[in-house]
Each structure stands twice: as C-alpha cells, then as structure tokens.
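Good morning, and thank you for coming. I would ask you to look at the sequence and the structure together while I speak.

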Amino acid sequence: MRIDKFLKNSRIIKRRQVAKDACLNERVKINGNIAKPGSLVENGDIIEISFGKSNLKVKVLDLIEGAKKNDASEMYEVLDE
C-alpha cells in the first residue's frame with residue numbers, strides 16, 4: 001500500500017492530499033529513509049512523521065483497504081510521540 005494512502009486509511013493524517021504534501025516536504029520516513037508519496041508500506045515497517053515541533057513514530061501492524069473508523073487503530077502501534 002502507498003504511504004499516502006496508509007496515512008489516510010489509518011487516520012494518522014485525515015486527508016490523502018495532506019499526507020502527500022507531508023511526503024513531498026520530506027516529513028515522512030519509512031525505516032529511516034525519506035518517503036515519497038508512492039513509497040510502499042509493508043507490515044512491520046517503522047514510520048516516522050514530523051508534525052511541526054512534534055514527531056510521531058509508529059509500527060505498521062496491518063494494511064486494511066478501505067478501513068472503517070474502528071479498524072484504523074488496528075493498523076498501527078504508536079512507538080514514540
């Protein structure tokens with residue numbers, strides 16, 4: 001699954017365009033490497049997102065297409081805020 005789609009489906013970022021912009025501005029990393037909007041995410045990957053002064057680090061647990069609101073929290077585990 002693409003990183004921009006994962007961030008939207010998991011509800012870490014509410015809109016896909018915002019997720020894409022975050023990637024283009026080099027604020028998203030997958031396993032320590034800067035992610036492009038089309039970078040693929042797999043189970044077990046570590047994603048780091050920079051939100052201004054705060055950072056979020058999550059581990060991908062599951063890739064759910066068209067995740068519902070209740071399923072979104074099962075897609076990742078927060079490692080560090």
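Let me begin with a definition: helices (H or I, at least four residues) and strands (E, at least two) are DSSP runs, numbered from the N terminus. This is a predicted model, in which local features need pLDDT of at least 70 and side-chain atom pairs count only at pLDDT 80 or more, while totals for chains, interfaces and linings use all residues. Residues are numbered from 1 along each chain as its sequence is written, and side-chain values use heavy atoms, with hydrogens and water left out.

I turn to the sheet. Two strands are said to pair if DSSP finds at least two bridges between them. In general, strands of a sheet pair through backbone hydrogen bonds, either parallel or antiparallel. Which order do the strands take here? The order is E2-E1-E3-E4-E5, an open sheet of five strands with antiparallel pairing. Strand E2 (33–34) and strand E5 (76–80) form the edges, each pairing on one side only.

Let us cross the sheet pair by pair. E1 and E3 run antiparallel and are joined by three bridges. Between E3 and E4, also antiparallel, there are six bridges, and Ser50 stands opposite Asn55 in E4. The hairpin of E3 and E4 has two residues between the strands, and Gly52 takes a positive phi near 60 degrees there. Four bridges join E4 to E5, again antiparallel; Lys57 has Asp80 in E5 as its bridge partner.

Lys29 deserves a separate word. This residue is located in strand E1, and its bridge partner in E3 is Glu48. For accessibility, buried means under 20% relative accessible area, exposed over 50%, and partly exposed in between (1.4 Å probe, protein chains only). Lys29 is partly exposed because its relative accessible area is 34%. Contact means heavy atoms within 4.5 Å. Residues up to four places away in sequence aside, Lys29 touches Ile34, Ala35, Ile46, Ile47 and Glu48. Its C-alpha atom is separated by 6.6 Å from that of Ile49, which is 20 residues apart along the chain.

Next, the interior. A nonpolar core is a set of buried Ala, Val, Leu, Ile, Met, Phe, Trp, Tyr and Cys residues joined through side-chain atoms within 4.5 Å. How many residues does the largest nonpolar core have? It has 21 residues, and those with the most contacts inside it are Ile3, Phe6, Leu7, Ile12, Val28 and Ile47. The elements that give two or more residues to this core are helix H1 (3–9), helix H2 (16–24), strand E1 (28–30), strand E3 (46–51) and strand E4 (54–60). Beyond its neighbours within four places in sequence, Phe6 is in contact with residues including Met1, Ile12, Val41, Ile47 and Val60.

A polar atom of the Ser10 side chain lies 2.8 Å from the backbone oxygen of Phe6. Ser10 also touches Ala72, Met75 and Tyr76, not counting residues up to four places away in sequence.

Glu26, in the loop between H2 and E1, has a positive phi of about 60 degrees although it is not a glycine. Glu26 is exposed, since its relative accessible area is 54%. Asn31, in the loop between E1 and E2, is likewise not a glycine and has a positive phi of about 50 degrees. At 45% relative accessibility, Asn31 is partly exposed.

Terms used
Polar contact = N/O pair within 3.5 Å; in protein donor to acceptor, adjacent residues only side chain to side chain.
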